[in-house]
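Try each task before reading its solution.

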Amino acid sequence: MMNTANHLTDDPAVRLDPTRDRGGKAQPLLSVRGLRKHFILKRDGWGKPASRVHAVDGVDFDVHKGETLGIVGESGCGKSTTARLLMHLLAPDAGEVIFDGDPVGGLGGLSLREMRRQMQMVFQNSYSSLNPRMSVEESIAFGPQVHGLGRRESRQRARRLLDQVGLSPALFANRYPHELSGGQRQRVNIARALALEPRLLILDEAVSALDKSVEAQVLNLLVDLKREYGLTYLFISHDLNVVRYISDRVMVMYLGKVAEMGDTEALYRAPAHPYTRALMSAMPSMDPNRRTERAPLVGDPPNPIDLPPGCRFCPRCPLVVDECHRREPDLMALGDGAHSAACLRAAEVSGLDDASLATSQEESP
Amino acid sequence: MADTMQVTPGAAGTLPVAPVKGYWHSVWGRLRRDPVAMVAGLVLLAIVLMAIFAPWLAPASPYSTSMLTRLQPIGTPGFPLGTDELGRDVLSRLIHGARLSLLIGVMPVVNAFFIGSMIGIVAGFVGGRTNTAIMRVIDVFYAFPAVLLAVALAGALGSGLVNSLFSLTVVFIPPIARVAESVTTKVRSVDYIEAARASGAGSLTIIHRHVLGNVLGPVFVYATSLISVSMILASGLSFLGLGARPPTPEWGLMLNTMRDAIYVNPWVTVLPGLMIFTVSICFNMLSDGLRSAMDVK
Amino acid sequence: MNHPAVAGRDEANAPQRLVDIADLHVGFQSPERYVHAVNGVDLTLERGEILTILGESGSGKSVTLRTLMRLLPEKRAHLRGRVNVDGRDVLAMSRRELSRYRGRSVAMIFQEPMLSFDPVFRIGDQIAETVRRHEGVSHAQGLARALELFEMVRIPSAKRRLGNYPHELSGGMSQRAMIALALSCRPKLLLADEPTTALDATVQIQILLLLKELQRELGMSIIFVTHDVGVANEVSDRIVVMYAGRIVESGSVGEIIGRPSHPYTIGLMASRASGEQRGQRLNAIPGAPPDLSLLPSGCAFAPRCPRAVDTCRETLPAAREVSVSHWAACHRLEA
C-alpha cells in the first residue's frame, strides 16, 4: 500500500510549491504509521483501565502530494478521531505522523505550530465551528494573526479568501455566523482553513450537513480550490457517492482499523472486503426498477469496546470461516499492490457478485 | 439544460442584503424594544444621576439635626418626605444615601465579577484535576448561606465600610466562579475552540479572543442579577451596625435607625426600604432583559 | 387522479381517500417577521399508499407533516386551508378529539428516537402505558402487546429488550422501538419525519425495508419526509417534490426519478455527486433557496432556474400535466 505513488509522479496536475516542497513528488505528503488512540471508559480499583474504546487501533496510510484520499466508514469506525489525531487536537497513544519527510512533534521534527501551518481542517458543523461573537472577517484573519501577520494584512487576506470561496467581501466580511446560511458558513470555514496557506486540508464530513444542491456547490468549490492552490485533501465522509466523486484513492475503516484501501475506481468496482461490499449495497438505489430487497447486514455497527480476538467484522460477516475468529488479518496487497484489504478471503470476495454474497447470509437473531 | 447550470462566483450570496451591524449593536437593538428593561434602565439611570448630583439636588444638608422638627410626617412644609428621629430631612438623606448604598451594592459584585470570572475561566479552561481542586475550594465557601457568611466575615473583621465591601465580595465570588466555570467548560469543547487550536493559537490567545467574549456575556448577566442581592445584604450589614456608621446617610442604616419610629411615622420609616426594593428590582429586570437580548437565536 | 388541479376535486370521492389536504397555508409569526412556510399545498393520499415528500431544508415538508398531527405551536402558527384525515377535519378538532386522534388514527416517528421516550422509564412499560391509555386495557395486556410489537419490528431478544431503558439501545434499535411505539395503537397513517437521516447506511436500509414490510403487513399508509432522493426511491409509491412551501412536482417514483420534469427536480438529480461524474464539475443549482419571509411574487424557483423567463418572475405557475399521474408546476415544461 506504500508504493502507490508511482502513478502520481508523472501527473502534470500535481503542482508543487518549490519554496515549501521538500522531498519531491514521490515522497508522500503525509505518512501515518501505527496511529493508535484508546479512550478509557472505566478503571478498576487500582486505577488501571478496565474497559476501553479502541477508537483508532493501529492505522497506517500515506497521502500523496496532490491527491485526494477519501476515508469512509460508519459511526465508531474512527475516521473523525483519526482527523483529530492528525491535527493533534487529541494526543495519540502511539504512532508516527510524518509530514513531507519530517516527523511531527518530538525532537528535531516539525513543531506542532509549524505543522498547523501546513495542515488545516474543516469541521462538519458549520455553525459551531465559527465563533458567534466574531465577524466572518475576524474569524478568517485570526489564524494569520496568530502566526504573526499584521492586522491589516490579515484582514486583506481574509477578504481575498472570501472572494475566492464565492462570497462577496463587501457583503459578507462584517457579518456574523448567525446571519449566514449553512452553505455560506461552510464557505467561510473553508476560507478560514485556507488562511494559513496549508498544503494539506482535512475535510471532516465537511459537506455532510448541507442540502444536496448546496453540497454540489461546495464540492465544486473544493475542486476549484484544489486546482488553484495545488492542495492535497483528506476527505472524510460517510457518503460513498461523494467520496467516489472527489477521491483519487479511498480508505475504508471499520472499528478503528483500515478494512480496505485502493484506487477509487478499482475499489468501487471490485471491493475486496465483505464490509466494503455491504456498505456499497446498503446505499439507497437510484433506480426505481432495482430497489434494495434485502439489507446486506443485520443489526447496528458495534461499539469498538473491548474487542474479541480475530477479525473485528466476524460477528456481522456473511463469509466468516473459523480462521477469522482466531487470526486478525493484516492489510494485504491484492494484485498490483495499489489495492489492499484486511480480509483472509479477500481474493475470493473481490470475485464474487452480490447475489452469491446475499445467499450466503443468514438472518442472525 | 444541465450545462447551463453553472455555479457563478458569488452565487451563494443571494440572501437579501441586511444592514451589517456588530453583535453589541444588535443586542442594543433588541434591548431597546423591551419596554420593561428600558423602564428599569431609565429608573436606575435616574437614581445614579441623583447620586452623582446629590449635593445640588438635595434641598438640605443630610446631617443637620433639629430637635424641634423630629419625626415630621410626609408633606410637612420644608420637609417634603418628613424628618427622621434626629430631625434630619429624609429626602436629602435619601438622595445622599444613594451614593453609598449604590457603591456598596454594586462594588462587591463588580469585584467578584472580575475575580470570580478569572477563577472560573481558568478552572474551566484547564479542566481536569486543577478544575476539581479549584472548584472544591469554591464549593466550601458556596456551602455557607450568603447572609451568614457576610455577617460572619464582617463581624470578624469589625465594622466599617471597607470591611463590609470585602466580605460581600467574598460572598459573591463563589457563585460567579461556578457560573463562569460551567460556561467555560461548555465553550471549551465547541468546535470553534478546536478550530482556533488547529490554527496554532496558544491557550492565552484562545482565552483572550475566543473564550472571554463567549463566557463574560452570560456571567455578566448573572452578575447583574446579583446586584439586588448585594444591595439587600449590604443594607442588612449596615442595619446590623456592621457596615456604614451613623450619621452617614445610607439606606440600610437609615432603615435601622428609624425602626423605633415605625409606630409614630410608618410611611417615612418605610422610604429607605422602598428605595432598596426599587433599585434591586430594577437591576433584576434589566438583567432579565439583557439575558434575552444577548441570546442570538 | 392524484392530481387535484387536473382531476378536479371530486367531493363524492373524498371520503375514500385517507388524507385530503386542500390549499394549506402555514405561516409563523415572530416579532421581526412573518415566515410563509407552506403556501397552498394540495395533497391526497390513498389508503395503503407510501408517499414521500422530498425537499431540502426550508421547503415546508416537515411543517406539512406536522400540520397533519396539529403539532405546530398553536399561538405562533397560522393555519389556513382544509386538512381531512380519514374523513375528519383535523384543523377543527378540539383538544380532546386531538388526543384521541393522535396515536389512534395517526402516529409519527422522528429523526431522533430518544425524544419519543422518557429516559427514566423502561421502554416496555412506556409502550404498555400508551396502549393502556388508548385502549383501556390492563398494564399486563399492554405489556403483552408491547412484546408483540417488538417482535413485529424485529427486535432480537424482544422480551429482554422490553426491560431496557432508552439509553441502553443502539441507534437502529431505538429507531425500531420508536416505530413499535408509534404502531402500538394500530394507526391508519404513519408519518415519518426523516427517520433514517441520523443512521448509518447499513442500518438505514434495514429500517427502510422494515417500514415497507410493516406497511404491507398492516395495510397502513405512510407519509415519508426526506431530503434524500435515494431514500425516496427505496420506500415510496409516489413522490411529491416541495420547494419554498409549494409542491412543484408530483408523480410515481418511476416518473420523478426516471423522468423529472420540473427544473428544480432536474437540478436536484443532476447535482448528486456520483462515480460517473468524477473529474467533471457537478451541475449544482446556483444560489440559495428564497427567504420565506420575502417570497417572490412569481415562481419561487425562478431566481435559480436556468429556464426562467419574465412570465416565471411575474406569475405563479399552475400545475400542468405531464402524464395522467404526473404533473409539475412550471411555465416552461416544454423548454
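This is a predicted model, in which local features need pLDDT of at least 70, side-chain atom pairs count only at pLDDT 80 or more, and totals for chains, interfaces and linings use all residues. Residues are numbered from 1 along each chain as its sequence is written, while chains are lettered from A and ligands numbered from 1 in the order in which they are written.

**Exercise 1.** Find the domains of chain C and describe the side of domain 1 that touches domain 2.

*Solution.* Start with the bounds, which come from an automatic or database domain assignment: domain 1 of chain C covers 4-105 + 187-273 + 283-329, and domain 2 covers 118-186. Next, take the centres over C-alpha atoms; 30 Å separate them. Domain 1 of chain C brings 10 residues to the contact and domain 2 of chain C brings 11 (contact: C-beta atoms, placed from the backbone, within 7 Å). On the domain 1 side, helices H3 (95-104) and H8 (201-218) of chain C each supply at least two residues (helices are DSSP runs of H or I, at least four residues, numbered from the N terminus). H8(C) gives the most, with 4 residues.

**Exercise 2.** How do helix H4 (residues 90-126) and helix H10 (residues 251-258) of chain B cross?

*Solution.* First, their axes, lines fitted to C-alpha atoms over the stretch in contact, come within 8 Å and cross at roughly 130°, with angles running from 0 to 180 degrees between N-to-C directions. H4(B) is therefore oblique to H10(B) (under 35 degrees is roughly parallel, over 145 roughly antiparallel, 65 to 115 roughly perpendicular, the rest oblique). Finally, B:Arg93, B:Gly97 and B:Ser101 of H4(B) meet B:Trp251, B:Gly252 and B:Met254 of H10(B).

Terms used:
Two residues are in contact if their C-beta atoms, placed from the backbone, lie within 7 Å. Ala, Val, Leu, Ile, Met, Phe, Trp, Tyr, Cys and Pro count as nonpolar, Asp, Glu, Lys and Arg as charged, and the others, Gly among them, as polar.
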